[in-house]
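Dear colleague,

Please find below the structure that I am handing over to you. My findings follow directly after it.

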Amino acid sequence: MIKTIFLKELLELLRDKKTLVFMVVLPLLIFPALFGTVAVLAGKQVQQEQTRVLNYYIANEEQAADFAKLMKADDSFSLFEPSAQEQNATWEQWLRAGKVDFVLAVSDTHQSELEQHTQSHWQLHFNNAELTSSVWSRVYRLVEKFNQQITSDKFNALGLNESQYQGVIQPIVLEKKDIAKKKESLGTQLGGIIAYIILPLCLMGAIYPAIDLGAGEKEHGTLESLIITPTHSVAIVLGKFLTIVTTSFTCAFMTVLSLLLWGFIFAQALAVEAVVEIVKTLGVIDMMLALVMLIPVVLFFSALVLAISIYARSFKEAQNYMGPLTILVIAPLVIAMLPGINLDWQWAWVPITNVALSVKEILKGQFDLVLVGFVWLSQVAMAMLMLAFTMFWFKREAVLFR
Amino acid sequence: MIKVEQVCKRFPLKDAKRVNQLNQSDPRIYGRFFNVLDNVNFSCQQGEILGLLGANGAGKTSLLRILSTALSPDSGQVLYQQQNAHQFKATVRKKIGFLSGSTGLYDKLTGLENLQYFAKLFGMDDEQFEASLANLNQALDMGDYLNRRYQDYSTGMKQKVAIARAVIHQPDYVIFDEPTTGLDIAACEVVLQFMAQLKEQGKAVIFSTHHLDEVERLCDRVCIIERGKAVFEGDLTQLKQSANESTLQPAVLKLMQSSR
């Protein structure tokens, strides 16, 4: 009977255009197209901004003639030459009117500060509201270059060579020597992200069919026909539960497949090499183990959304209940991504976070089998309890005939 | 034979505002509960059609749901051939065919797939299903539209397939909740003729309706439910006599009003 119910639910879902859109078209075509377009447009915008010639004006130019010369020599900057009418306005007005992209206000005592070896404070005036603005970084680079030139000249005058003045400026250089193995670093980086990407996807893949299989059946009046058959309520719940688990995994699988596919299309061989490198470093067995860790959570989600859906009177009511679930799932996953949080007996009791931390430990290749085993078994127990609750829930008249 | 003995059912009222509104007029409100059925008794023999009459909200649908085992009574019992329906649900359900007023079928499946699905849930094999389907196809005049998706059906076609779904497993007891509501004359005639056939086949048929012409045409006996109580059970002659009326409509109205 479970098989009969499962196959019928699956057939009905596959014939539903909305399901196909959510499970196949959205992850395989629409999401990548959307994200790809946004990425390409954003990239182009940033590139345009980086290469755009910036109009500028230097206030107190006579104090920094050398710098003005350096700026003029740079093709990416263009000195603003005001017309006769524009000369009546102040440089603040030029800036507001967009005649110039920035004004560099040199200290009016710069020359004397230079001679007395004191710091000179210059101001860069520009509109920083645009997120893509490159004014600060581009001018900063040029000022840094000029700074180095002045410093070098001053040390030369004191008779110090290049290496000596580097020693004066920065007597100690701290070098980073990472003893972490490549697998450990990659595991830490990818561990949190894998759970963060896959679990919400599984939840999304579970929600829509769950609403259809519970509240949807109530709304269409088919649930009553179903519960008066001799089929045991446990079989009905299991049939529906397995359907939700299947769609949940399919949705996550489709999205991951889509990422790989589009990664390959966009980056060609580079993406394949990167994937091969990651798989080689992390190891196929550890990656499989990490995915096995996620199974009980998906089972728990599936039972939970089915219980909620059975309780709801209508499709709309079920959607309202499901909304906050995504936040409840993402919050514990974010905790697992925070630096310094590792799996221990304290975190092992926190649902979802413990699974994400276990995935991280497994991919790092240094996991405590007892601790990870405890997390997995506790999640399996939670999933089974949730499923048992859903079965109990499905027998209640007050739930079925609200 | 179906025997309903001292069946009582109450539902909790969760909406306090509604409780206060109802409290003033409806005697079925008891604290935070609504007594939907109060000590209901009646029976229906094999080869007999019993009509369930009553105003909207009288408790007919809840009673039929209890008969179908979708709901359980708080007290009392429903016996099918001396077998308690709510103690032996799985066995009894195989013998009951129930069509509720809100029954729908699966939109994305064809009529045939819907019937096949329910036949499997009732434990029928392919051979039994084919035989049953052939009979129903002829009786309900379903034609070749069974291969189209349920969502594409007209109201009449939907109701015919829904009735076929309810009796695909050849039950001994058939319970219909307002089976002709919303149907056109032709579809209505098919359903009424089908119910007469069920009676001829020796099945016990209980159906609720507001159409007294259907009652006069089909019913051997009637049971009137008024505010959760069975206020009359008997044949149509007894009904008219007890109300001292010559026609059915004033008789039913009189009995309903006198019990308020």
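The expected span of a helix is 1.5 Å times one less than its number of residues. Please bear in mind that the model is predicted. Helix H6 of chain B, residues 155-167, has 13 residues and should therefore span 18 Å; its end C-alpha atoms lie 19 Å apart, which agrees.

H6(B) is also mostly covered, with eleven of its 13 residues buried. Among them are B:Gly156, B:Met157, B:Lys160, B:Ile163, B:Arg165 and B:Val167. The cover over these buried residues includes elements of chain B, namely strands S7 (96-99) and S8 (173-177) and helices H4 (111-121), H5 (126-140) and H7 (185-200), and it also includes helix H10 (222-227) of chain A.

I then turned to the interface. Chain A contributes 22 residues in contact with 29 residues of chain B. The two chains bury about 2,500 Å² between them, and 59% of this area is on carbon and sulfur atoms. On the side of chain A, the residues that lose the most area to chain B are A:Arg15, A:Ile228 and A:Pro230, together 27% of what that side buries.

As for polar interactions, twelve residue pairs are in polar contact across the interface, and three salt bridges are found there. In a salt bridge between A:Arg15 and B:Glu113, the N to O distance is 2.6 Å. Helices H1 (2-14), H9 (215-220) and H10 of chain A each supply at least two residues of the side that touches chain B. That side of chain A comprises eight nonpolar, seven polar and seven charged residues.

With kind regards

Terms used: Residues numbered from 1 in each chain as written. Chains lettered and ligands numbered in written order. Predicted model: local features only at pLDDT ≥ 70, side-chain atom pairs only at ≥ 80, totals over all residues. Heavy atoms only, no water. Helix = DSSP H or I, 4+ residues; strand = E, 2+ residues; numbered from the N terminus. Buried < 20%, exposed > 50% of the residue type's maximum accessible area, 1.4 Å probe, protein only. Contact = heavy atoms within 4.5 Å. Buried area = accessible area lost by both parts, 1.4 Å probe. Salt bridge = Lys/Arg side-chain N within 4 Å of Asp/Glu carboxyl O. Polar contact = N/O pair within 3.5 Å; in protein donor to acceptor, adjacent residues only side chain to side chain. Nonpolar A, V, L, I, M, F, W, Y, C, P; charged D, E, K, R; others polar.
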